[in-house]
Amino acid sequence: MTGQSSMTSQTEPDTAKQAPAGLGRDAWLRLRRNRLAMLGLVIIAFYLCAAIFGPWLMPYDFAQQDLAHVNSGPSPIHWLGTDNLGRDLFARIVGGARTALIVAFFVTMLSFSIGAIAGAVSGFVGGMTDRTIMWLTDVTMAVPSLLLVVVINTSLTPLLSGWMEDLFLKTGNPMFRDTTFLDLSLVFGTIALIKWPQYARLMRAQVLSIRNANYVTAAIALGLPPTTIIRSFVVPNALGPVIVAVSFGLGTAMVLESSFSFLGIGVQPPTPSWGRMIADGMRVWGAYPHLLIVPALALAIITMAFAFVGDGLNDALNPKGKK
Amino acid sequence: MAFFILKRVLTWIPSILVVMFGIYALAFYGAGDPIKLMFLSAPGDVAYDPARIDAIREVAGLNRPFLAQFGSYLWNLLHGDLGNSLVSGRAVSSIIAVAAPVSLQLGLVTIVVTALVGVPLGMACAFHQGRALDNVVTSVALLLWAVPAYVIGPLMLVSLIILRPGETLPIGWGGLTDPRVILPVLVLALQPIALIQRQTRAAVIDILSENFIRTAIAKGVPRFRIAVDHVMRPVLTPIVTQLGIILITFINGAIFVEVVFGLPGLGRLTISAMTDSDYPVIMALVLIGTVAVLSANLLVEVLYPLLDPRVQAR
Amino acid sequence: MTDAISKTPLLAVRDLRVARQTETGEVEIVTGIDLTLNEGEVLGIVGESGCGKSVSMLSLLGILPPALRVSSGSAVFEGEDLFAQEESRLAKLRGSRIGFVFQDPMTSLNPVMTIGAQLSEPLRYHAGLGRKEAWAEAGRLLLLVGIPGGESRLSSYPHQLSGGMRQRVMIAMSIACRPSLLIADEPTTALDVTTQAQIVDLIFDIRRQFGLSVIWVSHDLALLSQIADRIAVFYSGRIVEEGTAEQICSAPVHPYTQALISSMPVANRGEGRRLKTIDGLPPDPARRPVGCAFAPRCERREARCLVAPPALLPMDGERRAACFVAHDEARELVR
Amino acid sequence: MDNDFGNRGSNGLLAMNRRQSLKLLGIGSLAPLAGGLFARQAFATENDILRIIHPAFSSDWSPLRGGGQSYRLNSFWVAAPLYYSGKGELKPYIFAKWSANADNTVWQFEIAEKARFSDGSPITAADVKGSWELAAMPATKNQRIDQVLSTVQGYGPITGGKATVLEGVVALNDRTVEVRLSAQDPMFAAKLANHLAPIVKVSLARGADGNEVPGWWNPTDHAVVVSGPFVPVKMDLDAGTFVFERNANFSGPAPSLRRIEVQVIEDASTATAALKSGQFDVHTLIQTTTLIDDLGADFLSGPLAPEGDHFWLNISRKPTDDINVRKALISAVDREQLWKLTFPQGPEVRATQILTAVPGIDPNFRELPFDPDAARRFLAQSSYGSAAAFPRINFVGISRQVAEAAAQYIAEQWRTVLGVESVAMKPQIDKFEGPDQNRVQIFRDNVGTRVSDSTTYLRGIVHSSSSNAKNKLGGYKNEQVDALLDKAAILAAGSEERLALARQAQQLAVDDTIYIPWAYRNMPQMAMPWVKGIEKNMDWQVSEPWNVTVSRS
C-alpha cells in the first residue's frame, strides 16, 4: 500500500471493512452524503407518490370540467387554477406526472431490456452477430431522432389504431379501444427504438471489459460455477454504469415524451401530458401565465431531480481515484 | 488517412440504404397519400372527387407500386436528382440548397458559442467545485437543460418585444452578420452549453485528481499554465467524443428554434415537409441528417488520435 | 556524517499537524511531527500505509488534497517558513529548490504531452529559459538520467516509455533546476526489482553530483537501511523512533520498530524461519487510543501506556524514541 | 486521492480562471448584443405601407390553387371575374357586364374595356378561358374549382386529365366570353365572384404542355405580370418575406397603399406581441382563445359570413350508423355551453341550423334539444343499448385550440351522460386512420358558401352529390332532400319558392341528425384599429383591397 491509497482508506473508513456485498451499501452511504442527490431522490419520491396516489386523493378528476371556473387563477377551490375547460390544473399536473413517470419507467425498461439483451449477446457471442448488432445500433443512432419519431408516429398510428380496433371488435376487451393505451404503446415503442442502442453499447462494453477482467479469469481458474461468477462478480461490477445510465435515461425519456406531446405526438387529450399542457399554455400565456408556468416548472423540476440523482449515483458508484 | 476516410464513407452506403428504405416504406404505407392530404387537410368545401384526385396522382407519378417508386427514387438519387417537392413542385435540391447553408451556419456559430461559453464555464466550475460559483452555474445549467428550447425560445422573443418595443423583430435570416441571429443562436446554444458545461466540469474534476496534475504543481508550473497545458487538452477528448450527441441535440433543437424564429433552415423545412407528407423532401432531410451524424462520428474518429496520442491513428 | 549536525539544518519541521475535514469535525492525521534534515543528508521515512508519511511530505509543498490542511507547525527551509509563504512564492520553490519524485511513474506524467514539453516546464518557469533552450537542456537532462538518445526522445509520449524510463524522466524533471532538496515519495514501489536498483543508483549518482539532500519515503526498511543516513519511523501520524540507519536497524528501541525489523525477510537470517507479523491494524485516526497509539498491538504494553501518549524523547546520541518502556530502559542504562 | 489537487494554492488558479472565463463570456455574449443595439432600426411610420403577418411558410403561392394559407392574400394581386363587396353585393370586376339565356344554360360575359395586366397589356377572352382551363387541370391541384366550373360543358374531361381544353368556354371575340353549361344554373355568375379561378396572364402562366408553369408567380428571377391592384416584387419563400407594390396599370380604382410587406411568423404568441407593439398591422389568420384579451374586440370584428363550424356525424360508421345513437350523442351535448366555453367573448355566434348569413334562414327551425335524460333513453333504444359496446369514437379535424376545447367538452359530456369512455382526437383529417378514413365517426369542419344563396349553400353540404355528404357524412343520401334541392337549383335566384324549398330540405336533413351545431363564423378583419377599408367577403378575401388605408399616428 502507498501513501496515496492510504488516504482513500481514511476517507472511507467503512470501505475497508465492508465485504464485497457492501458495494451497494457503500455507494448508498456516499450517495446519502450528496445533498443534491438526496434532494433529487426526495423530489422523485414525491412525484412518484403524487403519480401513484394523487389521482385518488385529488378532489377532482383530471378530465372533470368545472364550467363555473374557467381559466381561473389559483384559488382555495382550485389550488393551481383551472384551464380553458375549467379542469383543475393541480389534478392535471398530477395526472401528467403519472403519464410522465409511466412513460419514463416503461420506455426505460423496454429500451433497456432490448438494449441489454442485444448488447450482452453482442458482447458474448462476438463475430458476425456482434458486427450486425453494432451496425444496427449505428444505423439507428445515425437517423436524427425527432425525424424518426415523427415519421414513425404519423405512419404507424393509423395502422396500429386500426388493428387495435379490430381486436376490440373481435374480443370486446375495452383495453383495445383505450386511447391512452394506444398512444402510450406508440410512445413506448418509438422512444425505445431511439434509445435501445445506447444501452446495447453500454452493455456490450461492460460485457467485454468484464469478460477480460482479472477477477473473472481468477474466478474461472478457481473453478467457480458460472452462475456464481455471474452473480458475485459480473453483475455487481456491471451494475454501476448501468444504474447511472438508467437513472439518466429515465430523465431523458420524460423530456422526450414531453417534446413529442408538445408537437402533438403522443398521449392525446383529455389524458394530461405536460408537453401538451405547455403547448396549450404557450398559446395563452399572455392572459393566463399560470397555464404555462405550472407545467413547465413541473417538468423542469423532475428533470433536474433525475439529473441530480444521476450525478450523485455516478459519483457514488464510480468514486474518483477508485481505479 | 484519406484511404481510411474513403473506406469509412463506403461503409455508410448500406446503412443509408436501409434507413432510406425504411423511411420511404413508412411514408408510403403509413403517412398517407400527399395528394389526398392536400385536399383533406384544407378546411371546408374542397373538391374531394376521387377521379380528380387520381388524375392529380397520375400527373405527380404517385400511382405506381412502392418498389417502382422507390427504385426510380434511388436511380434518380444516383444521378444527383433528389426529385421534386410534391407540394411546390420545386426541385428538392434547390430547396435544400437554400435551407442547408442556413442551418449549417447556424450550427457552426452555435457550436463555437457553445464551446466558448461551455468549456470555460465548466472549467471554472470544476476549479471552484462545491463553492458558490460552481453551485450557481451548475444549477442554472441544469435548469436550462431541463427547460426545453420550445419554451425558452418564444419566451425570449416575447420578452424582447415587451422589453424593447420598437426593436426590429429578430425573425428571419440575414446571414451571420445580421443581429437577428443572436437570439436564435442563444436559444439553440443553451442546451448544448449546459451539456458541455456538465461534461467539461466532470472531465476537469476527473483530470484534476490525476497524478500528473500533482506532478505539474510539484514542479512549480504556474496555475494558469496548468489549466491551459495540462487540463484543457485532455478535457477536449471526452468533449469531442460527444460531438455526435451534441449534433443530435442541435438538430432536434434547431427544429423548434427555426420555426419560432422564422429561419429558413432544414429544421423548419422538416416540420413543413412532415405536415405536408412531402416525402421527397423528407427523404432528402433524412439523408442529410444521417450523413451529418455519420460524418460527426467519423470526425471524432479522425480527431481522436490527434487529441490522445495513446490512441493509435489508423 | 556526524559532522553535519553542527551546521544549520536545511529543513526543520516543528510540530507539524495535518487535519482532515470530516462531517463530524476535524481529525488529525499527522499529530505533531518534528524533523530535521541537514544539508547533504539522506533521511529515510518509514511506516505503514496511512501513517501520515506521504501527507507530511505533501504538506511541505502545499499540495495537500482539499480535505486536508496544515493545522499548526512550521517548516523552515533555507531560512523561510514554508507554511507562511504565499502560494506564488511556494510555486517558485517547487521544482526549483525542492524536487519531488512520486511513486507512480505510470500516472504521474501527462499522457497527452510529450516528454520534452513536460521536461521543459520547470526550466522555462524557474530558470527562465526560452522554448528552444529549454528543449535542448531537456535533452541533456535525459542523457544525464541515463536515457539514451537524449534529445531525440523528447518528442515521445509517456506511453511509449517503460516504467523505469518514465521514473527516470520524473527524476530528470525534479532535478532540472538543481534543487537543494529532493523528496522521493516511494519512487521505486511501482517498479520491478532490477529497475528499482537502477533507480536507486541513479538518484544516488545525482545526489553525489549535485550535493542534494534527500528525504526518501518508503515502507521498505531494508532499502532505507542501505541508503539513508538517518531513519524516522512513523506510526499513526507520529514519529515513534528516529536515529541513524544503523541504530534503527540493528538496535531498535521502540517495540514497533522492533516488530518491523523482525517482520523483515533478511537473507542471512536463516531459512525455514517464519517471519513475525504484527497482530491487529493501525488505529483509525478518528478513534485513536488515549494513550500510546501502538499500545493495543504492543507486546510490552503496560497500564500507563493506555493513559497518555509517551513523548518523543532523546535517547542515546541522535536517537529519539516515544515509548515509556524504552525510556525506562534508557534511564536504567544511564544509571 | 479522492479529490482534486492542492487546496492551499488553488485560489490562484481559480482567480485567474474566473477572470479568464468572465472575459470569454463577456466577449461571447456582449459583443453581438452591442451589435444588436446599434443595428436597432426605427420602423417606418409611413402610412402607405401595410405590414401583414402570415402564419405559414407556404411553398406554393400559385393564385390558381384555390385554397391553402396563401389564398387569403389573393385579392391583393390577382383580379377575379366578379366580386362580392363587403356588404354582399355582386360587383363587376374583370367582367363589366353579364347576361344569360332564358334557361340559364348559356352565359355571356363582357370584359371591361380598360381591363389591363400590370404590364399594360389588355386582358382578353383568351386569358379568361386559359385561366379557367389552368385552374381545372389536375396538375394545378386547385382545391375548389368544382364550385366555379363544375356545370361548364367539358369540365369532366379537363379536370380528369383527359383534355386540355374546356370546351364550354368560348372566346367570341377579344372581349366577350361565352360559357355553355351542362345544366341550368341561375347562380353561375355569382359563382364567379371569388378568387377560386382568378384571371392570370396565360402567356406567362401556361407552359407548352398546357400545364401551369411552376413558379411563374414568383418574381425572384423574372418580372411577374398580374391582374390585381398590387404586383409581387419580392418573394422569398424560404425566408417568408413577400413584398407587393402598387400596380400602376391596375384597371380598377387606384390603390391608396404603395407597398405591402408580408412576413411569416408562425408562433401565435410572437405574432400577437408583434401586432400589439405596432410593428405589424394585419394578420391573415390568427386564432388563439385569448386574442380578444390581447388585441381587443375590434381586431376580430367583421360581418357574419355564410360559414359554420360544426361536428359532422358519419352515418356509415359504427356506432353513428344508428340514428338513436346519433340522437343520444347530440342530445347529450349542451350546445349553448359548448359555444360559451369556446368563444366566451365572441366573435363567433352560436349555431343552430346549417344556414347562416344568406337569404332563406329558417325562423321555425327545430333542433334536437339538450336533454341528458332523453339522451340516455335514445341510447337505451339504440341497437347498442349502452356505450360499453361502442368502439372507440374518433374525432378528426381537431386542429385548433378552440376545436380541441370543443371536442373535449363534447367528449366529457358523453362520458358523464352516456358513459362513453373511449374518444380519440386527431388534428388532420387523413392522418387519422389511413387514407380510407374508414374508422372516423366525427369530422369537425367548417362548411359554407361563396355564393349568397341558401340552395347553393345546402347543395354543397347535404346533397348526396356533395363532397361533404359523400365523405364526411359517409355517403349521406336522402332522396327527398336531393329532390328539393334539385328543384330549387333551377329556380330564379332569390325567389321565394327557391328559399322555401331550401328551408324544407334543411329541416329534413337536420332531422336525420347528422351534425352537432357549434358556431357561425364571421369574417374577421384581423387588423389593428389604424387599418381601415379591410373588410373581407365570403371568399376570405379583402373585398376591395384598393380601399385599404393605414393611418398610424
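UniProt positions are given in the numbering used here, feature names are shortened, and annotations may be inferred rather than shown by experiment. This is a predicted model: local features need pLDDT of at least 70, side-chain atom pairs count only at pLDDT 80 or more, and totals for chains, interfaces and linings use all residues. Residues are numbered from 1 along each chain as its sequence is written, chains are lettered from A and ligands numbered from 1 in the order in which they are written, and side-chain values use heavy atoms, with hydrogens and water left out.

I looked up chain C in UniProt. The unreviewed entry places "domain: ABC transporter" at residues 13–261 of chain C. I find that span to be 37% helix and 28% strand (DSSP runs, numbered from the N terminus: helices are H or I, at least four residues; strands are E, at least two). Its end C-alpha atoms lie 26 Å apart.

**Cysteines.** I searched the whole structure for disulfides (cysteine sulfur pairs within 2.5 Å). Cys51(C) has its nearest cysteine sulfur, that of Cys292(C), 14 Å away. Cys51(C) counts as buried because its relative accessibility is 4% (buried is under 20% relative accessible area, exposed over 50%, partly exposed in between; 1.4 Å probe, protein chains only). For Cys323(C), the nearest cysteine sulfur is that of Cys298(C), 6.0 Å away, and Cys323(C) is in no disulfide. Cys323(C), at 6% relative accessibility, is buried.

**Chain B against chain C.** I then turned to this contact (heavy atoms within 4.5 Å). It takes 20 residues from chain B and 27 residues from chain C. The two chains bury about 2,100 Å² between them, 59% of it on carbon and sulfur atoms (accessible area, 1.4 Å probe, that two parts lose on being put together, summed over both). Arg214(B), Ala218(B) and Lys219(B) supply 29% of what chain B buries against chain C, more than any other three residues.

How many salt bridges are there between chain B and chain C? I count two (a Lys or Arg side-chain nitrogen within 4 Å of an Asp or Glu carboxyl oxygen). Arg223(B) forms a salt bridge with Glu87(C), the closest N and O atoms being 2.9 Å apart. On the side of chain B that touches chain C, α9 (211–218) and α10 (223–241) are the elements giving two or more residues.

**Glycine.** Last, I checked Gly264(A), in the loop between α10 (226–262) and α11 (274–284) of chain A. Gly264(A) is partly exposed, at 31% relative accessibility. Gly264(A) and Arg276(A) are twelve residues apart in sequence, and 6.9 Å apart in space, C-alpha to C-alpha.
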